[in-house]
Amino acid sequence: MFVLTLTQRVADASRPDPAMDHELCRRLRDVPARAPFQPMAPGEVRGLTEDAHAAVAAAMTAVREDRYAVGIGVGDVFLTRVDHEDGRVAVTAEGPGMNHGHLAAQPGRDTERAAVRVSAVDATAAEQAQAVLKLVGRIVSERSEAEWRVVDLLVPGARGQQKTVAQQLGITPQAVSKAVVRSLWNEEWQARPAAATLLRLCE
């Protein structure tokens, strides 16, 4: 299991923006998750997934614009359903995966760009996964708004779409091509599977 804790990176840590957390959860609602991403406290969002590719996708969504630090704990997690008297249903999560999730979410990454930390029993595998995720995260976190306007309209693996994107944005195909090259969009999507493979090795 991959336990992701996404923590707002704000100048004043005592004043996180709850609206930002809800917007992040909205962006992550289609990510396959065993426990959906939801705010746990002001400035903190958590979700659990069994899919390494989903963990990478969630991490890259969070580091966009460098707004969140990402902690990924890897290990077994045991979920227990809890039925409350008022009809509410909750789920408790315990196990080594949760422990590593807490370790990965510890503060101390405020000065890093694309702050990502991975914690697992296999510390070497965790370090390797973390290194690749940080490299990919740097690509994502440093894109300009103009580049995002282009790449947000692209579909990984689809051919011949740059002309369509150019028409949608009212710019030339050459401008789209230059934005794709500058943003390292292809490199990001080529590296994501490698990051997912390294995360699986942490298990």
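The model is predicted, so local features require pLDDT of at least 70 and side-chain atom pairs count only at pLDDT 80 or more, whereas totals for chains, interfaces and linings use all residues. Residues are numbered from 1 along each chain as its sequence is written, and side-chain values use heavy atoms, with hydrogens and water left out.

**Exercise 1. Helix H2**

Task: Determine what span helix H2 should have, and whether H2 is enclosed or open.

Solution. 

Step 1. Helices (H or I, at least four residues) and strands (E, at least two) are DSSP runs, numbered from the N terminus. Helix H2 covers residues 52–63, which is 12 residues.

Step 2. The expected span is 1.5 Å times one less than the number of residues.

Step 3. A residue is buried under 20% relative accessible area, exposed over 50% and partly exposed in between (1.4 Å probe, protein chains only). Because 9 of the 12 residues of H2 are buried, the helix is largely enclosed by the rest of the structure. Among the buried residues are Val-56, Met-60 and Val-63.

Step 4. Consider the two ends. At the start of H2, a side-chain oxygen of Asp-51 comes within 2.8 Å of the backbone nitrogen of His-53. Just after H2, Glu-65 has a positive phi of about 60°.

**Exercise 2. Salt bridges**

Task: State how many salt bridges a search of the whole structure finds, and describe the pairs of Arg-64, Arg-143 and Arg-182.

Solution. 

Step 1. Side chains of opposite charge can pair when their charged atoms come close. A salt bridge is a side-chain nitrogen of Lys or Arg within 4 Å of a carboxyl oxygen of Asp or Glu. The search of the whole structure finds 11 of them.

Step 2. Arg-64 pairs with Asp-152, with 2.8 Å between the closest N and O atoms. Asp-152 lies in the loop between helices H5 (145–151) and H6 (162–169), and Arg-64 in the loop between H2 and strand S4 (68–74), so the pair ties together parts that are 88 residues apart in sequence. Asp-152 is partly exposed, at 43% relative accessibility, while Arg-64 is buried, at 15%.

Step 3. Arg-143 pairs with Glu-188, the closest N and O atoms being 2.7 Å apart. Glu-188 belongs to helix H8 (residues 185–202) and Arg-143 to the loop between helix H4 (123–141) and H5, 45 residues apart. Both residues, Glu-188 and Arg-143, are buried.

Step 4. Arg-182 pairs with Glu-147, at 3.5 Å between the closest N and O atoms. This pair links helix H7 (residues 173–183), which holds Arg-182, to helix H5, which holds Glu-147, 35 residues apart. Arg-182 is exposed, at 52% relative accessibility, whereas Glu-147 is buried, at 9%.

Step 5. Salt bridges also link Glu-23, Arg-26 and Arg-27 in a network.

**Exercise 3. Helix packing**

Task: Classify the orientation of H2 to H4 and of H4 to H8.

Solution. 

Step 1. Axes are lines fitted to C-alpha atoms, for helices over the stretch in contact, and angles run from 0 to 180 degrees between N-to-C directions. Angles under 35 degrees count as roughly parallel, over 145 as roughly antiparallel, 65 to 115 as roughly perpendicular and the rest as oblique.

Step 2. H2 and H4 pack at about 45°, with their axes 9 Å apart. These two helices, H2 and H4, are therefore oblique to each other.

Step 3. The axes of H4 and H8 come within 8 Å and cross at roughly 155°. H4 and H8 are therefore roughly antiparallel to each other.

Technical notes: A polar contact is a pair of N or O atoms within 3.5 Å; within protein, one must be able to donate a hydrogen and the other to accept it, and residues adjacent in sequence count only if both atoms are side-chain atoms.
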